[in-house]
Amino acid sequence: MAVQDEQKVSFQIEGRSYQGIREESLLGALRRYGYEVPSLCYHEAVSPYGACRLCLVEVQKGKRRKLTTSCNYPVLEGIEVFLDTEKVVSTRKMVLQLLLAQAPEARSVRELAEEYGVTDTPFKKDEGNACISCGLCARVCKEIVGADAIGFAGRGLGKRMVSPYDETNQACIGCAACVVVCPTDCIGLKEENGIRSIERWHRDLPMKNCKVCERPFAPTFQLNHFADQIGVEKSHFDTCPNCR
Amino acid sequence: MDSQKLETILDKHDRQPAALLAILQDIQEEENYLPKEDVQQVAKALSISLARVYSLATFFSSFSLEPRGKHICTVCMGTACHVRGAPKLVDHIRREFDVPETGTTKDLNLTLETVNCVGACALGPLLILDQEYHSNMTPAKLDRVLKPIKQD
């Protein structure tokens with residue numbers, strides 16, 4: 001996509017000058033220019049949410065310098081960005097301690113924490129939990145899949161990602177995009193005896209067998225939904241992607 | 001809620017998705033809680049996903065997804081009321097009315113709730129019974145206030 005000149009802005013990262021697109025995600029720009037910034041809840045395909053608080057940077061805008069999450073900070077003319085300053089690193093360590101307490105079962109959190117030398121947390125652990133309540137699954141479900149089948153329930157400490165009423169929601173097409181995108185692998189997918197189960201959303205859907213290789217490849221419900229969406233015959237999805 | 005009533009509420013708000021919160025409040029006003037069928041119906045009528053309506057309904061503690069009692073008793077547990085003995089009031093009501101964890105008695109007579117501050121600290125401990133405020137509460141005074149409800 002060609003970017004019009006008036007949308008381009010110049011800004012600085014660690015003292016170097018760069019051109020960015022006005023109001024794009026700062027984290028997206030940082031990664032495009034090869035800077036490494038950790039994050040769990042960011043995905044370039046969906047809107048940023050600033051939930052995991054790991055993509056912290058310091059941004060100087062005029063005279064003010066502040067700590068901010070870069071995923072939901074817009075690239076603006078003249079800003080100066082500083083990565084891994086003492087303040088950023090110490091705050092990020094604290095965030096990791098909090099995430100360790102919130103989701104002690106999350107391997108990705110433990111690994112990232114270890115990189116920063118954080119091995120334990122002084123906060124009370126939510127034992128057995130692997131979900132960091134970042135909402136990436138729900139954003140993908142809404143913005144990409146268009147199903148909008150899951151969402152947060154409650155708030156504060158009791159905030160949980162659930163399907164409404166914590167029961168089967170007919171809006172869920174069983175595509176498992178949530179499972180793929182989850183940064184802590186906490187949703188879980190099972191495919192057994194031709195049934196795809198996403199236990200967390202209480203969704204069990206029979207799968208269609210490929211006409212050619214006869215192996216089950218996707219839930220019939222999902223394939224019919226896609227066929228309706230793009231306006232093709234249901235038989236369009238009789239064969240799996242490998243045999244097509 | 002019968003569908004006629006729900007239609008009236010929806011029409012009152014022009015079926016605007018932006019009025020979702022007001023619609024839920026109106027339903028709760030009528031039913032004392034948010035029945036699942038109505039929540040589903042509202043989502044459908046406003047073309048909002050059930051997940052979003054459910055998120056909103058669970059976000060605000062003033063909404064209840066479970067049936068609530070005929071009478072609603074709210075005890076203020078803000079700092080001022082707390083130090084003046086609000087927890088004792090809660091204990092007292094729980095004992096007297098046999099209120100389970102969910103806050104509503106089995107016979108749906110009374111729902112006991114706590115709030116963090118109602119902004120009348122000088123009058124604490126405060127108790128709000130069916131929207132009527134009772135100030136400087138003591139367990140003895142409480143018995144007098146709750147007597148009509150117990151007989152109800």
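The dialogue below takes up a hairpin, a helix and a single residue.

Mentor: This is a predicted model, in which local features need pLDDT of at least 70 and side-chain atom pairs count only at pLDDT 80 or more, while totals for chains, interfaces and linings use all residues. Residues are numbered from 1 along each chain as its sequence is written, chains are lettered from A and ligands numbered from 1 in the order in which they are written, and side-chain values use heavy atoms, with hydrogens and water left out.

Trainee: In which sense do strand 3 and strand 4 of chain A pair?

Mentor: Helices (H or I, at least four residues) and strands (E, at least two) are DSSP runs, numbered from the N terminus. Two strands pair if DSSP finds at least two bridges between them. Here, residues 56-61 and residues 64-69 of chain A pair in the antiparallel sense over 6 bridges. Thr68(A) is the bridge partner of Val57(A). The two strands form a hairpin with 2 residues between them, and Gly62(A) in the turn has a positive phi of about 65°.

Trainee: Why is helix 4 of chain A described as largely enclosed?

Mentor: Buried means under 20% relative accessible area, exposed over 50%, partly exposed in between (1.4 Å probe, protein chains only). Helix 4 (residues 136-145) is largely enclosed by the rest of the structure because 7 of its 10 residues are buried. Among them are Leu136(A), Cys137(A) and Val145(A). Just after this helix, Gly146(A) takes a positive phi of about 80°.

Trainee: Is Tyr133(B) buried or exposed?

Mentor: Tyr133(B) counts as exposed, because its relative accessibility is 54%. This residue lies in strand 4 (residues 132-134) of chain B.
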